[in-house]
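Please read the points below with the sequence and the structure at hand.

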Amino acid sequence: MFLIGQYDSPFVRRTAIALRLYGIAFEHRPWSTCGDADKLAPYNPLRRVQTLVLDDGEPLIESTAILD
């Protein structure tokens, strides 16, 4: 799975910290909503970060849903 967004976002940072604390492996893609909107759109049509794309391709966009 991979996490899309830059660590300067508190939501991306919070999710990345939780994933690391739980020992869940993930790839980080530091895409921004401005410069990388076209790359982000297939995963999140709203073109918002954070987006966690699960191994099966399902994207999660809300940090509370991701942390659950």
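F2 has a relative accessibility of 11% in this predicted model, and because buried means under 20%, F2 counts as buried.

- The number of aromatic pairs comes to two.
- In one of them, the ring centres of F2 and Y43 lie 5.2 Å apart with their planes at 85°, so this pair is edge-to-face.
- Because F2 belongs to strand β1 (residues 2-4) and Y43 to the loop between α2 (37-40) and β3 (51-53), the pair ties together parts that are 41 residues apart in sequence.
- Y43 is partly exposed, at a relative accessible area of 26%, and forms a tilted pair with W31, with 6.2 Å from centre to centre and 35° between the planes.
- W31, in the loop between β2 (27-29) and α2, is 12 residues apart from Y43, and at 13% relative accessibility W31 counts as buried.

**Charge over a ring**

- The charged end of R29 sits over the ring of F2, at 3.6 Å from the ring centre.

**Nonpolar cores**

- The largest nonpolar core has eight residues, namely L3, V12, A16, L19, F26, L52, L60 and I66, and helix α1 (residues 10-21) contributes the largest share, three residues.
- Apart from this core lies another, of five residues, among them F2, W31, L40 and V53.
- Leaving aside residues up to four places away in sequence, I66 touches T15, Q50, L52, L60 and I61.

Conventions: Residues numbered from 1 in each chain as written. Predicted model: local features only at pLDDT ≥ 70, side-chain atom pairs only at ≥ 80, totals over all residues. Heavy atoms only, no water. Core = buried A, V, L, I, M, F, W, Y, C linked by side-chain atoms within 4.5 Å. Buried < 20%, exposed > 50% of the residue type's maximum accessible area, 1.4 Å probe, protein only. Helix = DSSP H or I, 4+ residues; strand = E, 2+ residues; numbered from the N terminus. Contact = heavy atoms within 4.5 Å. Phe/Tyr/Trp six-rings, centres within 6.5 Å; stacked < 30°, edge-to-face > 60°. Lys NZ or Arg CZ within 6 Å of the ring centre and 35° of its normal.
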